[in-house]
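I opened this entry to keep track of what I looked up, chain by chain and then across the contacts.

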Amino acid sequence: MLLEVKDLSIYYYTLSGVVKAVEGVTFSIDEKEWVTFVGESGSGKSTVASAIIRLVPPPGKIVSGQIMFEGKDLLKLSEEEMRQIRGKDISMVFQDPMTSLDPLRKIGDQLVEAMTVHGVDEDEAKERAKELLEKVNIPPDRFDYYPHQLSGGQRQRVSIAIAMAFNPKLLIADEPTTALDVIVQDSIMDLIQSLKEEGTSIFFVTHDISLAAERSDKIAVMYAGKLVEFGTVEQIVENPLHPYTQALLNSVPDLWTEKPVKAIPGYPPDLRNPPRGCRFHPRCHIFAEKGELKGLCDAEEPMMIEYEKGHFVACHLYGGSRNE
Amino acid sequence: MEVIRPMTKFLLEKKPGRGMLLFGIAVVLMVVIMAIFAPIIAPYDPTKSTKDVFAPPSLKHPMGTNRLGQDVFSRIVWGSRVVLSVVFMATLLSMIIGIPLGLISGYYGGKIDRLLSIIMDSIYAFPALILAIVIAVVLGPSPVNTAIAISFVYVPTYFRMVRGQTLSLKNQLFVEAAHAIGAKDREVMVKYILPNLGPTVLVVFTLSVADAILTEAGLSFLGLSVTPPTPDWGYDLRVGQPFLLDGYWWLVFFPGVMIMLLAMAFALIGEALNERISLGVR
Amino acid sequence: MSEPLLKVENLKKYFPIKRGIIETLRRAPVRYVKAVDGISFEIKRGEVLALIGESGCGKTTAGRTILRLIEPTDGRIIFDGVDITKLSREELRPFRRRMQIIFQDPYASLSPRMKIGDAIAHPLLVHGLADKEEAKELALKMLRRVGLTPEDEFYERYPHHLSGGQRQRVVIARAMILKPEFVVADEAVSMIDVSMRAAILDLLESFRKEYNMSQLFITHDIAVGKLIADRIAVMYLGKIVEIGPTDEVLKNPAHPYTMALIQAVPSIARKKERKIEITGEVPNAANPPSGCRFHPRCPLATEECKSKEPELIEVSHEHFVACHHPLR
């Protein structure tokens, strides 16, 4: 198993209170596997992504858990050791390429620097940089361009090229296409898919479940800091267990089927004071309908159970109570 | 009420500049209390001459007495009234003139803007003190005229700052949205742009007050402000200065320290607020 | 009611490109970014037209120009039979009440220092439709209507206290309080989570029914068009390349670009088919390609496409396309 995350919890210590951004998240990613974390803004998915590469911004702190990457617990490494891994074995692509690229330097130079920083000789790096630009479909004459001379899609490709400089085993992509138009988004997704096929595992974050379902091998659904469901894409799409997963799937249109669209009522909770018991229960239509669930869903947090092989859910409808 | 709690929280937040801010506020508060409660705090009548001339600081006269036997401490306490009232009057006047002009100039642009900018830049180019002196001389010495003179100097400061902010704010989406609703220009300026100037105006206010204190002290030092026997720090400084070499240090020391302290206090508040605001944008 | 509420005729908006010193001295002709280059359409009362296109196609400029937030370079805008293209600001003011706009960025469209309740009430005061007390009452009612309850609490809050979805509801409330007949929604849900969009669109739909309101819904996401639009118009580099009833355009797209847009939308069911491959990116609007502007990226391009600009032709009932080789 390439990456195993166990019981990860991350809190933000802000002036207005402790935000329990991520609570007890457990999952794994295998070689050549594409796992997508999907959820609304504030669900904690980006925080999990930043934790894997240990770039959680202050006032955030990883309070507990293990991140086992190729057998080593990343949380126990020193910053120096972690720096050896960042950019080489694990790398990351962000949502806004305009801020993650230096606007004052040519893209070719930035690509070269990503490699020389890890000790690669400059000429070799230049060669490799040209190869990488080709790999991401940027014409080689753009080597000397500045970021503002490229389109949004091209800038994102450059970011991906930088991330792929050392053929990392794991590529973390945090909403890389959210700021892009739909045709460009499709081509970037094609590119990431080709990287996966060549051997890189992908940890993808998005709020768009259609995007998640279309390309991933596995999907992890996050709500209010908790992992509520995890499984293969077929399991999640064809047999969604958690009421939130079902609501999420119903809330988006599909151009190719006549699926009706139903909005999810309410808003995600304030994580300084999350609801008691299951964090989703105030918006859960099943909780609202079934009186017998009172005293359970609003009192006790459901545990994650394996419903069928590889398909996990944290919901009282399927057990998950400590008393069972 | 609803403003006080977040305001106090804002002030006490453990952020850089908290020390500066609290020190500045403490000093200003002290001077304000001095000014308001002068009749109670000052032990003697500051204008009354006594036979006890040139007395060094002692228990009877904590800051000593001057050439006319007047208690320096009482003069300091009563002097705070003059300083504060002149400076605040001047600053208020600057704001009343400078802010609306800056708004109009920034909002409409074009010829009005060019004309006003040229006028304001010309005024701004003069060293503050010299300009104030010229006006004070023309108008004649009195606290009100001093206030007018000083206000003249600082109008361009407010004008420039408000104009600059207006220029950037008027391109914001919420201003466009206000236009889309059909709001008239005056409404857009007053209801949408002006409230968003708040923090920056506050910072400029404190810094210009700091400067104005020094300018007022300068003017009164030159005898262009109050007339004797009204107590005023700058005036006392001037009167006491010739006696410094004779060893009567307290005549110069206390007024000088008060001027410096008060100006510095406002400047510190301004700096601290500035840091807070740039840190805490949204 | 056969007369459409809004008629746009050959609307153009050109932005001059600032010339450098040398160019000015050489008296080189001024070049323009032809953001909107002659678009025409009609919207009936109560109808929703989705204007679809990628960044740089001119759709946002078109929306703002129709509302005269930007001055048109050429063409006519006819609202309820009145030509509003050249009206002065004073003459335009009564029309402002009847046509509103909802912007993309819910945070930037609200003044950070105005209580959201006051922001919602303000349009009423601007048009003298209510005094301060009444306006506040109506604003509270509107807060309840858009789902921001308890409304007295929300009235007093400032934008930074709210989430993106909540802020967009405030923006909608502010636009709807005047009971407009026509609203331009400029990427109104693009900055909101996908799962929250349906709720916001439902809200807009409920207003449409209540006021029999027409909408011009500008978006780059054709799937949103499917949810709310009666008709779809596809824009590319300043021109409308296809326009027709929603179902018709989505099921039988006639223009290759429309087909490309449809194919690119992710599908949960993974049931989509890729019938067409287009290449490259949207070119610079200052230098549009000759002939059909889409030809450099089109797999079906011929010599005719490179030299002659296609006109809109009807391919089926009320379904028009500007292409020399439409897909049907």
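I am working from a predicted model. I keep in mind that local features were taken only at pLDDT of at least 70.

**Chain A, overall.** I began with the secondary structure of chain A and found 11 helices and 12 strands. I then looked up its radius of gyration, which is 21 Å, close to the 20 Å that the globule rule gives for 324 residues, so chain A is as compact as a globular protein of that length. The C-alpha trace of chain A spans about 70 × 50 × 40 Å along its principal axes. As for burial, 48% of the 324 residues of chain A count as buried. I also checked sequence separation: of the contacts in chain A with a separation of 6 or more, 63% are between residues 24 or more positions apart.

**Chain A, the sheet.** In what order do the 8 strands of the open sheet in chain A run? I read the order as 6-7-8-3-9-10-12-11, with mixed pairing. At the edges I find strand 6 (90-93) and strand 11 (305-308) of chain A, each pairing on one side only. Ignoring direction, neighbouring strands of this sheet are turned by 20° against each other on average.

**Chain B, overall.** How many helices and how many strands does chain B have? I counted 12 helices and 0 strands. The C-alpha trace of chain B spans about 75 × 45 × 30 Å along its principal axes. Of the 282 residues in chain B, 43% are buried. Among contacts in chain B with a separation of 6 or more, residues 24 or more positions apart account for 70%.

Strand 10 of chain C pairs with strand 9 (residues 231-236) of chain C in the antiparallel sense over 6 bridges. These two strands of chain C form a hairpin with 2 residues between them. In the turn I noted Leu237(C), with a positive phi of about 45°. Strand 10 of chain C also pairs with strand 12 (residues 319-322) of chain C, again antiparallel, over 2 bridges. I traced one position across: Val234(C) has Glu242(C) as its bridge partner in strand 10 of chain C, and Glu242(C) stands opposite Val321(C) in strand 12 of chain C.

**Nonpolar core.** Which members of the largest nonpolar core touch the most other members? Of its 277 residues, I list Ile172(A), Val228(A), Ile213(B), Leu51(C), Ile120(C), Val234(C) and Leu261(C). Helix 4 (residues 72-108) of chain B gives the most to this core, with 17 residues. I then took Leu261(C) by itself and set aside its neighbours within four places in sequence. Leu261(C) is in contact with Val182(A) and Ile183(A), and with Ile52(C), Ile222(C) and Val234(C).

**Contact of chain C with chain A.** I looked up the residues on each side and found 33 from chain C and 31 from chain A. On the side of chain C, helix 7 (164-176), helix 8 (194-211), helix 9 (222-228) and helix 11 (256-264) each supply at least two residues. Helix 8 of chain C gives the most, with 6 residues. By class, I have 16 nonpolar, 8 polar and 9 charged residues on the side of chain C that touches chain A.

**Contact of chain B with chain C.** Here 16 residues come from chain B and 21 residues from chain C. Helix 8 (173-181) and helix 9 (185-193) of chain B each supply at least two residues of the side of chain B. The largest share of that side, 7 residues, comes from helix 8 of chain B. By class, the side of chain B that touches chain C has 8 nonpolar, 5 polar and 3 charged residues.

Technical notes. Residues are numbered from 1 along each chain as its sequence is written. Chains are lettered from A and ligands numbered from 1 in the order in which they are written. This is a predicted model: local features need pLDDT of at least 70, side-chain atom pairs count only at pLDDT 80 or more; totals for chains, interfaces and linings use all residues. Two residues are in contact if their C-beta atoms, placed from the backbone, lie within 7 Å. Helices (H or I, at least four residues) and strands (E, at least two) are DSSP runs, numbered from the N terminus. Ala, Val, Leu, Ile, Met, Phe, Trp, Tyr, Cys and Pro count as nonpolar, Asp, Glu, Lys and Arg as charged, and the others, Gly among them, as polar. The radius of gyration is taken over C-alpha atoms; the globule rule is 2.2 Å times the number of residues to the power 0.38. A residue is buried if 20 or more other C-beta atoms lie within 10 Å of its own, exposed if 12 or fewer, and partly exposed in between; C-beta atoms are placed from the backbone. A nonpolar core is a set of buried Ala, Val, Leu, Ile, Met, Phe, Trp, Tyr and Cys residues joined through C-beta atoms within 7 Å. Two strands pair if DSSP finds at least two bridges between them. Axes are lines fitted to C-alpha atoms, for helices over the stretch in contact, and angles run from 0 to 180 degrees between N-to-C directions.
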